[in-house]
Amino acid sequence: MAFTLYSLLQASLLIVNAVAVLHEERFLRHVGWGSDQGIGGFGEEPGIKAQLTNLIRSIRTVMRGEGTIFYIIIIMITIIIA
């Protein structure tokens with residue numbers, strides 16, 4: 001298997017999908033990454049944990065609708081190539 005731009009796109013889409021399916025109550029809260037754990041004071045810079053939690057929440061929000069379109073395109077290309 002060659003390392004191509006298509007395989008890089010497919011791998012990144014799978015990683016983003018893995019982040020998008022993380023459920024907050026079932027998984028993230030048990031590891032200490034829930035939405036209520038990373039709250040800082042006023043004027044303080046958020047820590048790395050709060051930034052990663054916000055990134056996961058943002059990925060989940062964006063990939064709800066647009067992710068389906070990307071998945072369909074990747075599946076169709078895979079079917080056509082194979």
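Trainee: Asn17, then: what is its relative accessible area, and which class does that give?
Mentor: Asn17 has a relative accessible area of 28%. That makes it partly exposed, because buried means under 20%, exposed means over 50%, and partly exposed is in between (1.4 Å probe, protein chains only). One caution on sources: this is a predicted model, where local features need pLDDT of at least 70, side-chain atom pairs count only at pLDDT 80 or more, and totals for chains, interfaces and linings use all residues. Residues are numbered from 1 along each chain as its sequence is written, and side-chain values use heavy atoms, with hydrogens and water left out.

Trainee: Where does Asn17 sit?
Mentor: In helix α1. Helices are DSSP runs of H or I with at least four residues, strands are runs of E with at least two, and both are numbered from the N terminus.

Trainee: How far is Asn17 from Tyr71?
Mentor: Their C-alpha atoms are separated by 9.4 Å. Along the chain they are 54 residues apart.

Trainee: What about Leu14: buried or exposed?
Mentor: Exposed, at 56% relative accessibility. Leu14 is also found in helix α1.

Trainee: Let's zoom out. How many helices and strands are there?
Mentor: Four helices and zero strands. The pattern along the sequence reads α-α-α-α.

Trainee: How much of the chain is buried?
Mentor: Buried residues make up 16% of the 82 residues. Gly32 is buried, with a relative accessible area of 16%. Gly32 is placed in the loop between α2 and α3. The C-alpha atoms of Gly32 and Lys49 are 9.5 Å apart, and the two are 17 residues apart along the chain.

Trainee: New topic. How many cavities of 30 Å³ or more are there?
Mentor: One. A cavity is a set of points, on a 1 Å grid over the protein atoms alone, where a 1.4 Å probe fits but cannot get out. The largest cavity has a volume of about 30 Å³, a volume being the space filled by probe spheres set on the points.

Trainee: Which residues line the largest cavity?
Mentor: Glu24, Leu28, Trp33, Thr53, Ile56, Arg57 and Arg60. Lining residues have an atom within 4 Å of a point. The largest share, four residues, comes from α3. Both α2 (24-28) and α3 (48-62) supply at least two.

Trainee: What kinds of residues are they?
Mentor: Three nonpolar, one polar and three charged. Here Ala, Val, Leu, Ile, Met, Phe, Trp, Tyr, Cys and Pro count as nonpolar, Asp, Glu, Lys and Arg as charged, and the others, Gly among them, as polar.

Trainee: Last one. Which residues form the nonpolar patch on the surface?
Mentor: Ile69, Phe70, Ile73, Ile77 and Ile81, with about 480 Å² of accessible area together. Patch residues have over 30% relative accessible area and no salt bridge, and nonpolar side chains are joined within 5 Å. A salt bridge is a side-chain nitrogen of Lys or Arg within 4 Å of a carboxyl oxygen of Asp or Glu.

Trainee: Where is Phe70?
Mentor: In helix α4, residues 66-81. Phe70 is partly exposed, at 43% relative accessible area.

Terms used:
Patches are made of residues with over 30% relative accessible area and no salt bridge: like charges are joined within 9 Å, nonpolar side chains (Val, Leu, Ile, Met, Phe, Trp, Tyr) within 5 Å. Accessible areas come from the Shrake-Rupley method with a 1.4 Å probe; for residues, only the protein chains shown count as cover. On a 1 Å grid over the protein atoms alone, a cavity is a set of points where a 1.4 Å probe fits but cannot get out, and a pocket is an open set with protein on both sides within 12 Å along at least five of seven lines; lining residues have an atom within 4 Å of a point.
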